[in-house]
Amino acid sequence: MPHRRAGLIACGAVGGAFAFSLYALSQMMFLEAEQRAGHVLTLYTWITSETFTLNLSILIDPLSVFMFLIVTGVGFLIHVYSLSYMEGDPEFPRFFAYLNLFIFSMLVLIAAADFFFLIVGWALVGLASYLLIGFWREKTSAVLAARKAFVMNVIGDVGMVIAAFVIFSHFGTLNYLDVFAAAKANLRPNDDVALLITLLLLVGAFAKSAQLPLHTWLPDAMEGPTPVSALIHAATMVTAGVYLVARCHVLYELAPYTMYFIAGVGVITAVFAGSMALVQYDIKRVIAYSTMSQLGYMFLAVGIGVFSAGMFHLMTHAFFKALLFLSAGSVIHALNGEQDLRRMGGLRKSMPLTHLTFLIGSLALAGFPLTSGFYSKEAIILSSYHGEMGNIFFWAIAVLTAGMTAFYIFRVYFYTFNGTLRSPEAHPHEGPLALTAPLVALAGLALLAGGLGHWVDEFLAPVFGAAPVHPEDELLETIAVTAGVVGIAFAGILYMTGRDRLEFVKQALAPIYDLLYNKYYVDEIYDFLIVRPTKAIGAFLEEKAERQGIDFAVDEVGAQIHGVSRGIGLWQSGKVRTYALNMVAGLVVILLFVVFL
Amino acid sequence: MFEITYDLVVFITGLMAVLASLGVILCSSPIYCALYLIGHMICLALLFLLYHAEFVAAVQIIVYAGAVMILFLFIIALLGGRKEIQEASFERFMALSFAGTLFGELLLAATVGPTKPIQGAVDAQVLAEVGSAKVVGLELFSRHLVPFELASVLLLVAAVGIICLAKFPSAPLKRRTR
Amino acid sequence: MGPNFVLIISATIFCIGALGFMIRKNPLIMFMCVELMLNSVNFLLIGYSDFLNSMDGQIFALMIMAVAAAEVVVGLAIILTIFRTRHDLNVDHINVLKG
Amino acid sequence: MLSLIVFIPLVAALGLLFVDRNNPAVARAVALGAASLSFLISLGVLVWFKEADPGMQFTESFLWVKLLNIRYQVGVDGISVLLLVLTTFLSVIAIFFSLDRKDNLRDFLALMLALEAGTLGVFVALDTILFYVFWELMLIPTYFLIGIWGEGRRVYATTKFVLYTLVGSLLMLVAIVSISVAHYNATHELTFDIQTLVHTHIDPVSQLWMFLFFFLAFAIKVPVFPLHSWLPHTYVACPIPALVLLTGAMSKTGAYGIIRFCLPMFPDAVESLAVAIGCAAAGGIVYGAWIAVAQKDLKALVAYSSISHLGFIVLGIFAHNGQGIEGSVLQMINHGIIASALFLIVGILEKRMGTRNLKDFRGLGTAMPVLYGMFMLITLAALGLPGLNGFVGEFLILMGVWTSAMLSDMSTIFVLMAGLAIVFASIYMLYMFQGAMQEKNDKLPAHLTDINRGEFGLLLPACLLIVFIGLYPKPFIDRVSPSVDRLLTIEKTVNLDAGHGGGHH
């Protein structure tokens, strides 16, 4: 199929999906708030077995429409971007086929009306992610990264499947609405079942959203093409974990312990990933760690019960992180695939538009006032102290992370756009319209979407209940903003001016620097603790249990029988006299019977 | 008196037969064995005679002690009567013990078990009047005709077999290797 | 002498024959031992034929003699053939049938 | 109709022996014609099968051995009808795949057809003796197929296979006779009819050993860990077309036998041994998967993965509820499709590259894009990706295990073990797929070509079925579930009678 036609079909399909999402949104806006709660459409019966019926059905409620809009909207922009970005790749159609498979799977995940199809969508987005990470299948690192991502996601899938079993055996159905109604009616807070279900679901959520300790696949996933990183590993798929918690908020609200756990893991991941991002040199990896960190924020938000704030941050994050990735992609494109920060620089002049959009994205990520990131992040940081389940630790770490975030993203910014170009052979230039138009659109969203905060709260109210009132605390707000500004300033001091200061800091903090640069050695630890023992046990089982154990035992039965036969065969000596002896012996025995019996 | 003498003769003859048979298995030289066997045959022929089987006794002398044993002697002469070294071995011990057990069992069977009398087809008077050879002939050619013919076929087959064995030289056998 | 004498003598000779068959290594002597055993049975048949006034025993003895004659003739021929090919008359060395 | 399905291949197998050995064209035509005809008729059976009827359909019955009242009796219900069609389907594919063999094609095809007939017979037989006859009929062709056309240590493998199977089947014969004797003692009516014997009440102790005898035969055939050690040798030695039938159809006879005999006839024994067998099955699931991770030979890898997947089937059966058994039956179909397709791919790769060692492969995807896509789909199905058929079966099985009353205490552990195996499955399947097809390879043979039209045609039905069952399993489950429900309720009435003090019906 010609490339152009393939691309147009793919973009058209996603654009159509976006249009339908908008239509759904408009329909929903006309409804009264009470009637928005949820519509289940049954497509067909998937299976019936004894006490168990599954229908392929979709659930339309504000939450799913909200997610539809983000996925198809951002997805559409990134499709358009890819048209230009992937031009010239010999497998252009395959790329768009995978990309559309991803959009489909993500929509299945969002639209599913029961846990079963949630799992189906969940695994299918994992598949799409696997396919797209390993898109350049001749690159060994991409192949390995893809496998890693897939296996990690399968671990999550297994957790979710078991969660589905618990739900089924306890509620007798897998349908969201029935389960939630039954849970509300029957379960006490911190009921064992609620804890079990929520924790098992979390395994899936953490694996998909790259939270500790299942996070190692996400940085490696940057082996895929940049639009993929933007779409899947920043804007949509990795937020599925947050979506899952939000979707099952009824269950999670019944399990406050789990909520604390989520918030704790979220905030730790935020600071953990943020710290690693401080020192990386691969532009995409920095943004990937930043994604992990921001996902940590979202988990913090849903963990402390401000679901709509979490969803709001999910949305703004989708905009500005996609923007950042696409801008980075534009830079990489311009530098012919160069991803190392140390070989960039001075692109402000040659790529003014990209520079501007990257700056907007960075500001939004850093939470600079009046950008969208500011509103969504402030809401979370404030709630982490003032919210029902908030406390000072959550808040402190969140603020610390905010500072780090500002620092590392502006480190990237200064490295890339300031100074002089450090790879002389490259001739950077601005990309064509298809490449820049999505950037501009996303930049606009990243700047302005902050104003949608209240609308999001209201729109999602039928799902989450009325949003808690935004706490007003100017002191905390100021501290958070200051942290961001300080982070930017530090980056400026270290990277705008001379190198000597940077070297001094590096020397002073060498052990920490090494630790961070090597990503806390988590990959190595996993390799040592899990991968190698697994392989060793596999080899051990094959050699000891299979060859020398079972197989040997079975063969030994045969060998023993053979041996005994050999022994009996010795009787067959070939000597006539021995035969005679045997005959007489037989005669003796027979006579014994004749005479005595 | 006659009875006692008769019994004594039977007893001594039987004892001699046993001793001769012992000689067969104990002598190391085949030629002596053959001679002892001839002696044994003659003793047996005497015993047959004493038990009123004149015809069989004659056949015993002619066929066995005569033809068969001469054949044996010929073969021994042909192959060379090498002496055999007798040594004690486990096999020999086993053979002795089995034979001993067998003997014990046979004795027990002979002495303990009841012997069921069979009514003879020929009563003693006829036997005394007609004489043994004639009766045997009558029996053989009337009631036992088929076995008799079969026996002759058997002898024929044996004769043919010997000719086959003697006529066609066979290749040396190769020992099977494993 | 009565049946017991016949039985005992016959059993003795039979056992001696069997023993000889088992302990001797010369095939010729082993054949002689077979003759011993056959003869012991013959004696038994003759003796009982007398005790029971039946001709059947004698007829059987005759048959056995015929069989024995045939057997001896064939057996000796086989021994001769074996000797021709192997130049050895120890039966223990003839163990082609070894399993 | 069923007799036709079974005997067309058998007659064709005998007929092939009269075909000129040097004229492979005729042999091909006969074998293919017979297999296809059998397949078409079995499709007819599937179409006219009344899905709501739980009982036996298409039954035929006449007296075979009058003295012992052994009947030639065949029929299918929901459990066997799908397996019947699967077998005929795989036979057509296997025979297609073997058509270009050079060495003594005629005999090979004849044995393949005989194997098909034996397998089909097992699935349709309704008389224990008839079942046993077909059961042994499967064995003979396999012995020759592996022993003559195999590779590597073929004689060792085939001897091991035959001895293993014979041990099991001879014990089964004892149990077959003794169960009929038990029925005779109760009713004074000698019968070998499965449907009658199902109602016989047997005292628990006899149940135990009869169950074990039956189970041993079936467990060896499946195979259930730790009775599996014939499988890797046999699979590695077996020629690919025979392997398609072996893994796709023959290994299902064991699981089918468990469902058909062990469950309804010996409910008490099942109840007391279910946990132990579950342990063995779950152990086998993890064990096979774990060893598969360490494999380099593609055939051995798929063989060990089969051990793992077959463990799922047995585990589902002993979950002993609707979902578990239906999942198992469906998983039999799925595994038949997936494993045989994987073996076909291994065969295709071996034909092209001359090796099966994963170390020698790399980067074939560039040269073989079509195979790349099909291989990927089948791999994904094998590792149980939702939306494809492997997941449906595994999900139902594990759900059955989780909610099983019979495995109550252990079910959580079993499910966790199975979950571990699913993770391993993703590892080894991706090892295989990525190792063979991805990355860059400069040393590819220059003449390497993508799969041709025929090979594409062989793999296509499997791919279509994988997607279809994954997206819409309802028609399959609907055929199975009435029979399974009846199976489970039969047992309950027998249990009731045992409570009343036994006797017969």
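Biologist: What radius of gyration does chain C have, and what would a compact globule of 99 residues have?

Modeller: Chain C has 16 Å, whereas a compact globule of 99 residues would have a value near 13 Å; the radius is taken over C-alpha atoms, and the globule rule is 2.2 Å times the number of residues to the power 0.38. The C-alpha atoms of chain C fill a box of roughly 50 × 25 × 25 Å along the principal axes. This is a predicted model, in which local features need pLDDT of at least 70 and side-chain atom pairs count only at pLDDT 80 or more, while totals for chains, interfaces and linings use all residues. Residues are numbered from 1 along each chain as its sequence is written, and chains are lettered from A and ligands numbered from 1 in the order in which they are written.

Biologist: Which elements does chain C have, in order from the N terminus?

Modeller: The order is α-α-α, with 3 helices and 0 strands, where helices (H or I, at least four residues) and strands (E, at least two) are DSSP runs, numbered from the N terminus.

Biologist: What makes a residue of chain C count as buried, and what percentage do so?

Modeller: A residue is buried if 20 or more other C-beta atoms, placed from the backbone, lie within 10 Å of its own, and 57% of the 99 residues of chain C count as such.

Biologist: How many residues does each chain bring to the contact between chain C and chain B?

Modeller: Chain C gives 59 residues and chain B gives 68 residues, two residues being in contact if their C-beta atoms lie within 7 Å. On the side of chain C, α3(C) supplies the largest share, 20 residues.

Conventions: A residue is buried if 20 or more other C-beta atoms lie within 10 Å of its own, exposed if 12 or fewer, and partly exposed in between; C-beta atoms are placed from the backbone.
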